[in-house]
Amino acid sequence: MKSGPDKSDDGAQARPFCGSTPEPRPFAGLSSRDRGTEPGSPAETSAEPEGRMAEYTLVADRSGELRLSAEDKEARYREVGAQIEAVLEGEPDLLAGMATVVCLLHNAFPYFFWTGFYRRVAADELLVGPYQGTLGCLRIRFDRGVCGACARERRTLVGPDVSAFSGHIAGDAASASEIVVPVLDAAGELIAVLDVDSTLLDAFDETDRVHLERIVGLLRGREARPVVATG
Ligand code: SME
């Protein structure tokens, strides 16, 4: 979620950081029907702050119906991994690579509710990159959230129940579990993290970790700036 300017900053860079001033909002990603209200009803309209668009994104409930069997998950990762490799073959641009990875992953797995990259834009700061899902928070410092912890530690973190992770940033209250994978360049420097959230509890396991680490590894060697042909 977005928050007001971080008062602990020196003021010269009064940017909104996530997780510094929590503002829980209930089930912002659920449709009005999921909330038990009809669109346009007083209960529905009064729930939305003035000037903000209501969100009617359909999300999975927590029943587990979107959970894949171990075999199906493995097979789908193999399939989508090969697809990503094929699409990115010969494409040197990193942003295009990230957008492609996010799109193909998000559409391959029904339990992926929010799928996106946070790019490292300073020594200890992440900025949202290509993503699919409901509105994600923009900036995350390394000392905030699961993404910040992953960036600091440069290792994949799995949160089976985000409510149990004290530093978790609730970008959307519908998220129940998440996995965050570091993205390293050829020199081993952290350039981004891949964050995937699910509305299912305990949605991510070793299969997700292994395949997502391999998939973000496919981005290595791509250029962060557009490659412009000259002459
Ligand atoms: N849940 C993440 C923040 C990113 S958004 O929710 C998309 C975290 O705790 O780092």
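Student: Which pattern does the protein chain follow when read along the sequence?
Tutor: This is a predicted model, in which local features need pLDDT of at least 70, side-chain atom pairs count only at pLDDT 80 or more, and totals for chains, interfaces and linings use all residues. Residues are numbered from 1 along each chain as its sequence is written, and side-chain values use heavy atoms, with hydrogens and water left out. The protein chain holds 5 helices and 6 strands, where helices (H or I, at least four residues) and strands (E, at least two) are DSSP runs numbered from the N terminus. Along the sequence, these elements follow the pattern α-α-α-β-β-β-α-β-β-β-α.

Student: What percentage of the residues in the protein chain is buried?
Tutor: A residue is buried under 20% relative accessible area, exposed over 50%, and partly exposed in between (1.4 Å probe, protein chains only). The protein chain has 231 residues, and the buried share of them is 45%.

Student: Which element gives the most to the shell around the ligand?
Tutor: The ligand is surrounded by Trp114, Tyr118, Ile140, Gly145, Val146, Cys147, His168, Ile169, Gly171, Glu178, Asp195 and Asp197, each with a heavy atom within 4 Å of it. At least two shell residues come from each of β1 (114-122), α4 (145-153) and β6 (190-198). With 3 residues, the element that contributes the most is α4.

Student: How many residues of the shell around the ligand are nonpolar?
Tutor: Ala, Val, Leu, Ile, Met, Phe, Trp, Tyr, Cys and Pro count as nonpolar, Asp, Glu, Lys and Arg as charged, and the others, Gly among them, as polar. The shell around the ligand has 3 polar and 3 charged residues, while its nonpolar residues number 6.

Student: Which residue has its side chain joined to that of His168 by a polar contact of 3.4 Å?
Tutor: His168 is in the loop between β4 and β5 (177-184), and it counts as buried because its relative accessibility is 18%. One of its polar side-chain atoms lies 3.4 Å from a nitrogen atom of the ligand. The His168 side chain also makes a polar contact of 3.4 Å with the side chain of Glu178.

Student: Is Arg154 buried or partly exposed?
Tutor: Arg154 lies in the loop between α4 and β4 (157-159). Although Arg154 is not a glycine, its phi is positive, at about 50 degrees. Since its relative accessibility is 35%, Arg154 counts as partly exposed.

Student: What value is phi of Asp202 near?
Tutor: Asp202 has its place in the loop between β6 and α5 (206-217). Its relative accessibility is 48%, so Asp202 counts as partly exposed. Asp202 is a residue other than glycine, yet its phi is positive, near 55 degrees.

Student: What distance separates the C-alpha atoms of Arg144 and Phe17?
Tutor: Arg144 lies in the loop between β3 (139-141) and α4, and its relative accessible area of 23% makes it partly exposed. Arg144 and Phe17 are 127 residues apart along the chain, and their C-alpha atoms are separated by 9.1 Å.

Student: How far apart in space are Phe204 and Pro160, C-alpha to C-alpha?
Tutor: Phe204 is in the loop between β6 and α5. It counts as buried because its relative accessibility is 5%. Phe204 and Pro160 are 44 residues apart in sequence, while their C-alpha to C-alpha distance is 7.0 Å.

Student: What separation is found between the C-alpha atoms of Val196 and His106?
Tutor: Val196 belongs to strand β6, and at 0% relative accessibility it counts as buried. Along the chain, Val196 and His106 are 90 residues apart, and their C-alpha atoms are separated by 8.8 Å.

Terms used
Polar contact = N/O pair within 3.5 Å; in protein donor to acceptor, adjacent residues only side chain to side chain.
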